[in-house]
Amino acid sequence: MSDDKKRDLLAEADRLREDGRAEEARERLLALTAVLPDDAEVAYRTAWVHDTLGLESEAVPYYERALGNPGLGVEDRRGALLGLGSTYRVLGRYGQAVETLRQGVEEFPDDGALRTFLAMALFNTDEHHEAMRLLLEVTAATSQDPYVQRYRRAIEHYAKDLDETV
């Protein structure tokens, strides 16, 4: 299959998903996956549509395939790491969620969404201090609330050691 044809089919599946026709997109992506089983981009889109439909268990192997094969673009890799980590968490596979999301944060340290999802997974593994630290750092760095910004330095300071007293 030509790259142009694949690109057109992926764009069509994306449009279907965005138009609320995710089941149709899923059918098309599964057919495309049968033709291109080792294509990382196709695997990622197939995982995504399964997640959209609430089929998290079915999404996992496609996320894993996408991340395990070369050829996934940087933004798709970012999305696949977040998607797989979040999906593991929803499925109760907390250790795998933390591992995947830590990898995502390592690769994309400025991504607040990855750090936020990591915080949720850390909460599920009883790593409450690290989860709270991450959330406070994300809040301080990204909040547009003028009151949060007024106390940003203090929030960032306390995020490092919530047990600190004088």
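Colleague: Arg78 first: what does its relative accessibility come to, and how does Arg78 count?

Modeller: In this predicted model, Arg78 has 23% relative accessibility and counts as partly exposed, because the buried class stops at under 20%.

Colleague: Which residue does Arg78 form a salt bridge with?

Modeller: With Asp111; the closest N and O atoms are 3.0 Å apart. The pair links distant parts of the chain, 33 residues apart. Arg78 is in helix 5, residues 74-90, while Asp111 is in the loop between helix 6 (94-107) and helix 7 (112-124).

Colleague: And Asp111, buried or exposed?

Modeller: Buried, since its relative accessibility is 11% and the limit is under 20%.

Colleague: How many salt bridges does the structure hold?

Modeller: There are 18 salt bridges in the structure.

Colleague: What about Arg28 and Glu12, how do their side chains meet?

Modeller: In a salt bridge, with 1.6 Å from N to O. This pair also links distant parts of the chain: Arg28 sits in helix 2 (residues 22-35) and Glu12 in helix 1 (residues 3-18), 16 residues apart.

Colleague: How do Arg28 and Glu12 count for accessibility?

Modeller: Arg28 is partly exposed at 39% relative accessibility, and Glu12 is partly exposed at 27%.

Colleague: On to helix 8. Which side chains meet in a salt bridge there?

Modeller: Arg133 and Glu137, at 3.0 Å from N to O. They are four residues apart in helix 8, about one turn of the helix. Arg133 counts as partly exposed at 24% relative accessibility, and for Glu137 the value is 24%, again partly exposed.

Colleague: Which residues do salt bridges with shared partners join into one network?

Modeller: Lys6, Asp14, Arg17, Asp39, Glu41, Arg45 and Asp76 are joined into one network that way.

Colleague: Charges overall, then. How far apart are the mean positions of the positive and negative ones?

Modeller: They are 3 Å apart, for 21 positive and 33 negative charges in the protein chain.

Colleague: Let me step back. How many helices and strands are in the protein chain?

Modeller: Ten helices and zero strands. From the N terminus on, the elements read α-α-α-α-α-α-α-α-α-α.

Colleague: What does the C-alpha trace span along its principal axes?

Modeller: About 65 × 30 × 30 Å. Of the 166 residues in the protein chain, 37% count as buried.

Colleague: What is the accessible surface of the protein chain?

Modeller: About 9500 Å², and 50% of that belongs to carbon and sulfur atoms.

Colleague: And among contacts between residues at least 6 apart in sequence, what share joins residues at least 24 apart?

Modeller: That share is 44%.

Colleague: Which residues make a nonpolar surface patch?

Modeller: Met132, Tyr158 and Leu162 make one of about 280 Å². Met132 is in helix 8, which covers residues 128-142.

Colleague: How are the C-alpha atoms of Gln149 and Leu118 placed?

Modeller: They are separated by 23 Å, and the two residues are 31 apart along the chain.

Colleague: Last topic, backbone. What is the phi of Asp126?

Modeller: Asp126 has a positive phi of about 65°, although it is not a glycine. Most residues other than glycine have a negative phi.

Colleague: Where is Asp126 found, and is it buried or exposed?

Modeller: Asp126 is in the loop between helix 7 and helix 8. Asp126 is exposed, because its relative accessible area is 59% and exposed means over 50%.

Terms used:
Residues are numbered from 1 along each chain as its sequence is written. This is a predicted model: local features need pLDDT of at least 70, side-chain atom pairs count only at pLDDT 80 or more; totals for chains, interfaces and linings use all residues. Side-chain values use heavy atoms; hydrogens and water are left out. Helices (H or I, at least four residues) and strands (E, at least two) are DSSP runs, numbered from the N terminus. Buried means under 20% relative accessible area, exposed over 50%, partly exposed in between (1.4 Å probe, protein chains only). Contact means heavy atoms within 4.5 Å. Accessible areas come from the Shrake-Rupley method with a 1.4 Å probe; for residues, only the protein chains shown count as cover. Lys and Arg count as positive and Asp and Glu as negative; His and the chain ends are not counted. The place of a charge is taken as NZ of Lys, CZ of Arg, CG of Asp or CD of Glu. Patches are made of residues with over 30% relative accessible area and no salt bridge: like charges are joined within 9 Å, nonpolar side chains (Val, Leu, Ile, Met, Phe, Trp, Tyr) within 5 Å. A salt bridge is a side-chain nitrogen of Lys or Arg within 4 Å of a carboxyl oxygen of Asp or Glu.
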